[in-house]
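Here is a short report for a reader meeting this structure for the first time. Please look over the sequence and the model before reading on.

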Amino acid sequence: VQLVESGGGLVQAGGSLRLSCAPSGSIFSINAMGWYRLAPGKQRELVAHITSGGSTNYADSVKGRFTISRDNAKNTVYLQMNSLKPEDTAVYYCKIDSYPRVGLRVDYWGQGTQVTVSS
């Protein structure tokens, strides 16, 4: 099973993009979902996270601008990004955590989608 991401691209500062991430097949017992990003010369950063119950948390740098959501029926996670800044430029990766059986956790990662914000 692979995670398929879409929605990245080039946008001007102040613009918006919506990222989507869905598995190519079935994943059982999905728990949390999240988005990470990796910018050149920087460490990978957790951007947003959403639990199975819908609780969310965000990196301080994106609070108030980004919104993570999920569609449990489609096993899909979204990231709505508004008021984008050049410093948001990065490759964005989605991640899905699953617990197919007690004591076993399996993490799935997307292939990454480039987001470029021009000034």
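## About the model

This is a predicted model, in which local features need pLDDT of at least 70 and side-chain atom pairs count only at pLDDT 80 or more, while totals for chains, interfaces and linings use all residues. Residues are numbered from 1 along each chain as its sequence is written, and side-chain values use heavy atoms, with hydrogens and water left out.

## An open sheet

An open sheet is formed by 4 strands in the order β1-β3-β8-β7, and the pairing is antiparallel. Strands are DSSP runs (E, at least two residues), numbered from the N terminus. Two strands pair if DSSP finds at least two bridges between them. β1 (3-6) and β7 (66-71) stand at the edges. Each has a single partner strand, so one side of each lacks a neighbour in the sheet. From one strand to the next, the twist averages 15 degrees; axes are lines fitted to C-alpha atoms, and angles run from 0 to 180 degrees between N-to-C directions.

β1 pairs with strand β3 (residues 17-23) over 4 bridges, in the antiparallel sense. Within β3, cysteine 21 stands opposite glutamate 5. In general, strands of a sheet pair through backbone hydrogen bonds, either parallel or antiparallel.

## The disulfide

The structure holds 1 disulfide, a pair of cysteine sulfur atoms within 2.5 Å. Cysteine 21 and cysteine 94 form it, with their sulfur atoms 2.0 Å apart. The pair links distant parts of the chain, 73 residues apart: cysteine 21 is in strand β3, cysteine 94 in strand β9 (residues 90-101). The link is right-handed, with 55 degrees about the S-S bond.

Cysteine 21 is buried, at a relative accessible area of 0%. Cysteine 94 is buried too, at 0%. Buried means under 20% relative accessible area (1.4 Å probe, protein chains only); exposed means over 50%, and partly exposed lies in between.

## The largest nonpolar core

The largest nonpolar core has 28 residues, of which Trp35, Leu79, Met81 and Tyr92 touch the most other members. Such a core is a set of buried Ala, Val, Leu, Ile, Met, Phe, Trp, Tyr and Cys residues joined through side-chain atoms within 4.5 Å. Among the elements that give two or more residues are β4 (30-38), β5 (45-50) and β11 (113-118). β9 gives the most, with 4 residues.

Methionine 81 is in contact (heavy atoms within 4.5 Å) with residues beyond four places in sequence that include Leu17, Leu19, Phe66, Tyr92 and Val115.

Side chains alternate along β11. Thr113, Val115 and Val117 point to one face and are buried.

β11 runs parallel to strand β2 (residues 9-12), joined by 4 bridges. Glutamine 12 has serine 118 as its bridge partner there. β9 and β11 pair in the antiparallel sense over 3 bridges, and tyrosine 92 stands opposite threonine 113.

## Threonine 76

Threonine 76 lies in strand β8 (residues 76-81). It counts as buried because its relative accessibility is 7%. Its side chain reaches the backbone oxygen of lysine 74 at 3.0 Å. That is a polar contact: N or O atoms within 3.5 Å, one able to donate a hydrogen and the other to accept it, where residues adjacent in sequence count only if both atoms are side-chain atoms.

Beyond its neighbours within four places in sequence, threonine 76 is in contact with Cys21, Ala22, Met33, Ser69, Arg70 and Asp71.
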